[in-house]
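Please keep the sequence and the structure open while reading.

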Amino acid sequence: MWLDRLIICYQAIEEQLKICGHKKDADVFELFLSQKELTEVIDLSRFKKLKYLWLHHNKLHGITFLTRNYCLAELYLNNNAIFDIEGLHYLPSLHILLLHHNELINLDATVKELKGMLNLKTLTLYQNPLCQYNLYRLYIIYHLPGVELLDRNQVTEKERRSMITLFNHKKAHIVQSIAFRGKVDASWDPRSPFKQKPAQRVPSDFAFANNVDKTMFDDPEDAVFVRSMKRSAMAITSLNWDTVPTREEKYLEEKDTGPAQMLTITLR
């Protein structure tokens with residue numbers, strides 16, 4: 001049965017080579033093997049210069065046939081039944097990888113396999129079970145910083161800043177805990193559900209927006225919270241136009257022409 005499936009794949013490849021008129025394996029730069037009902041693929045290492053490979057809309061379960069295709073730049077594996085991508089780390093030149101609509105479950109294993117792909121710019125993983133993990137997108141962006149287009153959406157600078165706060169604990173602690181004695185626990189597990197934190201209250205002896213306040217806190221998280229409150233304070237000062245007489249009022253002297261008043265609004 002297994003041999004029969006490999007024979008089907010071999011016949012599909014030979015058919016493509018015949019259509020394209022290739023007589024030598026070294027002349028093959030692309031293979032179009034989509035929608036062939038393939039469940040197995042023979043070893044493709046014979047095609048040393050293969051750059052583009054289409055295998056989408058088949059019935060593949062794994063990837064063990066790309067061990068020496070170092071020139072492969074674009075790989076289309078979407079719409080299969082793949083649950084393990086072990087073997088992809090052999091593809092250092094990969095630029096585009098489509099894996100959406102598969103059965104990938106293990107987020108950590110998937111990221112580990114993709115980490116070595118320094119040239120990977122476009123990646124799709126949506127419609128896989130692993131996408132249900134908490135903050136999945138930011139987790140991928142953090143571990144694969146070279147990716148520019150994830151799940152058909154451009155990676156933004158805001159997302160890159162957010163993932164540093166969430167996952168780069170050392171840097172986040174330096175930023176958030178500077179000037180305080182302790183560090184805030186910012187640990188995170190991508191498989192854990194969201195947890196609602198209890199509401200935090202400003203200590204009674206805290207003077208809002210008082211930069212000289214030296215209150216010490218037993219809980220470092222309270223200190224960070226208070227500091228964020230200070231940082232978010234914003235005062236807007238503008239002229240109170242209700243106190244400025246119009247030209248007609250000046251002419252008719254219907255309003256006291258005293259000094260104009262300033263209006264200050266504090267936001268946080």
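The sections below take the helix pairs, then the rings, then the loop residue.

## Basis

The structure is a predicted model.

## Helices α2 and α3

Helix α2 covers residues 107–114 and helix α3 covers residues 136–143; their axes come within 10 Å and cross at roughly 25°. Angles under 35 degrees count as roughly parallel, so α2 is roughly parallel to α3. The crossing of these two helices, α2 and α3, is right-handed.

On the α2 side, the contact is made by L107, D108 and V111. On the α3 side, Y136, Y139, I140 and H143 take part. Sorted by class, the contact of α2 with α3 has 5 nonpolar residues, 1 polar residue and 1 charged residue.

## Helices α3 and α4

Helix α3 also meets helix α4, residues 157–167. The axes of α3 and α4 come within 9 Å and cross at roughly 90°. The range for roughly perpendicular is 65 to 115 degrees, and α3 and α4 are therefore roughly perpendicular to each other.

From α3, the residues in this contact are R137, L138, Y139, I141 and Y142. From α4, they are E159, R160, S162, M163, L166 and F167. By class, the contact of α3 with α4 has 7 nonpolar, 1 polar and 3 charged residues. Y139 is listed in the contact of α3 with α2 and again in the contact of α3 with α4.

## Aromatic rings

The count of aromatic pairs comes to 3. One of them is formed by F32 and W54, with 5.9 Å centre to centre and 45° between the planes, and this pair is tilted. F32 lies in strand β1 (residues 30–32) and W54 in strand β2 (residues 52–54), so the pair ties together parts that are 22 residues apart in sequence.

Which residues do ring pairs link into a cluster? The members are F32, Y52, W54 and Y76.

## Residue Q261

Where is the place of Q261? Q261 sits in the loop between α7 (247–252) and β9 (262–267). With a relative accessible area of 48%, Q261 is partly exposed; the cut-off for exposed is over 50%.

Q261 and T243 are 18 residues apart along the chain. Their C-alpha atoms are separated by 6.2 Å.

Conventions:
Residues are numbered from 1 along each chain as its sequence is written. This is a predicted model: local features need pLDDT of at least 70, side-chain atom pairs count only at pLDDT 80 or more; totals for chains, interfaces and linings use all residues. Side-chain values use heavy atoms; hydrogens and water are left out. Axes are lines fitted to C-alpha atoms, for helices over the stretch in contact, and angles run from 0 to 180 degrees between N-to-C directions. Helices (H or I, at least four residues) and strands (E, at least two) are DSSP runs, numbered from the N terminus. Angles under 35 degrees count as roughly parallel, over 145 as roughly antiparallel, 65 to 115 as roughly perpendicular and the rest as oblique. A crossing is left-handed if the near helix is turned anticlockwise from the far one by less than a right angle, and right-handed if clockwise. Contact means heavy atoms within 4.5 Å. Ala, Val, Leu, Ile, Met, Phe, Trp, Tyr, Cys and Pro count as nonpolar, Asp, Glu, Lys and Arg as charged, and the others, Gly among them, as polar. Rings of Phe, Tyr and Trp (its six-membered ring) pair if their centres lie within 6.5 Å; planes under 30 degrees apart count as stacked, over 60 as edge-to-face and the rest as tilted. Buried means under 20% relative accessible area, exposed over 50%, partly exposed in between (1.4 Å probe, protein chains only).
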